[in-house]
Amino acid sequence: MRNRYLDLLRFLAIVRVVVYHVTGWATLTLVFPAMSVMFALAGSLMAASLHRWGPGAVVRRLRRLLPSLWVLAAVFVPAMLLTGLPLSPKVLLWIFPIADPPANGWGAIALSVIWYLRDYLWFVLASPLALWLFRRAPVPTLVAPYALLAAAELGLLPALPVALRHFGLYFGAWLLGFAHQAGMLRRLANRVLVPVALALAAAGAAWIVTHPGPRGYDLNDNPLGNALWSAAFVLVLLGRGPASAPWVDRSAAFGRVVTVFNRRALTVYLWHMPFVVALTPLVDVVGWSHQDPVGLAIRVVLVFALVAAVTALVGWVEDVAARRPPELVPGRARPAPTTVRAAAGRTGDGPGPVRAAASRLVDRPDTARPAGDGTVGAPATGRAAVPAPREPETVEISAG
């Protein structure tokens, strides 16, 4: 069963990312550190996949991550090549972005969100080893990325490569997702979790206030403050959040919106920034500046409308990558599958023996009860238990 609370967090994170990129409001990064939340959710889902599939989970995750990127690249890479991007072997990084893929001037801005997929790819590849270490030494493994980032920010490791800096910035949130999947955060007593969260928030806030960036208190300009402040949020959101949120679906419309954003998270994330960049000069022509609340609201609405249109056109790629039936708009209610199919075994007008047995089973559901080991037994007849059907995998990539 899907955890609608996690779905809700992912929905809020994606919406916050889009609104932030349209408005540029630094306060949004403090109110809801969306990127770390999404990395934590992804880490939790990755740990669950590794637990179920072993190292094969890496291939499964890449299969779900890359096709949406390839669709974007099929549109923008030719456009960049026609407008000045040199053709070189580095263009192949758009197929497998283990490093930053090349872009020309306008493409570097419109496709700047690709860094998230690069980091996500690094974290997925590192996850089997990281989970092995985490299971044996959870606290040292969890602290290591934050210690690495602190050493770099304090000048102890001035030449730290960009890859390791990003591990320090966001891999801690990914590992907090490991802790969430293992149930460690929920098992933490309040007397431990609350003081730790407050200490992290206080340290992060102090660093942010004393080391403002070019945009003031924008977390994106302050790696160490970002990591500490975000860790406090993740601890509370995942450690003291509800086990689920069934109320999300009390409103059919809102539940459908949450489902759509979760099923199309990667498409929304990849395509929103090009629209933000394209709309900026156009809306400036008619006077909708960043200082005009009405103009900002119009910008936000236009970006979401354009993202909705492109999502309807290419979002189904996420369904294909996840081996789901392609849907134009996800979340449509499906009819419940028939659990018992009666065989054609009629003699005259009466039911055949197989149909009669199936009818008795439907009329008396108590004759087949789930056993404690996940099998369905038949105590009334003494027949051997048969395995219950396995739940389909519901792990999805979060991207934002």
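**Aromatics and the nonpolar core**

There are 22 aromatic pairs in this structure, which is a predicted model.

**Around Phe-123**
- Phe-123 has a relative accessible area of 0%, so it counts as buried, the cut-off being under 20%.
- Phe-171 comes in at 8%, so it is buried as well.
- Phe-123 also pairs with Trp-174, this time edge-to-face, at 5.5 Å centre to centre and 65° between the planes.
- That pair, too, bridges distant stretches of chain, with Phe-123 in helix α6 and Trp-174 in helix α8, 51 residues apart.

- One aromatic cluster takes in Phe-39, Trp-115, Tyr-116, Tyr-120, Trp-122, Phe-123, Phe-167, Tyr-170, Phe-171, Trp-174 and Tyr-269.
- Leaving aside residues up to four places away in sequence, Trp-174 touches Phe-39, Ala-40, Ala-42, Gly-43, Met-46, Tyr-120, Phe-123, Val-124 and Ser-127.

**The core**
- The largest nonpolar core has 95 residues, and Trp-94 and Trp-174 touch the most other members.
- Helix α1 (residues 4-23) is the top contributor to this core, giving 12 residues.

**A charge over a ring**
- Over at Trp-53, Arg-60 lies over the ring face, 3.9 Å from the ring centre.

Definitions and conventions:
Residues are numbered from 1 along each chain as its sequence is written. This is a predicted model: local features need pLDDT of at least 70, side-chain atom pairs count only at pLDDT 80 or more; totals for chains, interfaces and linings use all residues. Side-chain values use heavy atoms; hydrogens and water are left out. A nonpolar core is a set of buried Ala, Val, Leu, Ile, Met, Phe, Trp, Tyr and Cys residues joined through side-chain atoms within 4.5 Å. Buried means under 20% relative accessible area, exposed over 50%, partly exposed in between (1.4 Å probe, protein chains only). Helices (H or I, at least four residues) and strands (E, at least two) are DSSP runs, numbered from the N terminus. Contact means heavy atoms within 4.5 Å. Rings of Phe, Tyr and Trp (its six-membered ring) pair if their centres lie within 6.5 Å; planes under 30 degrees apart count as stacked, over 60 as edge-to-face and the rest as tilted. A charge sits over a ring if NZ of Lys or CZ of Arg is within 6 Å of the ring centre and within 35 degrees of the ring normal.
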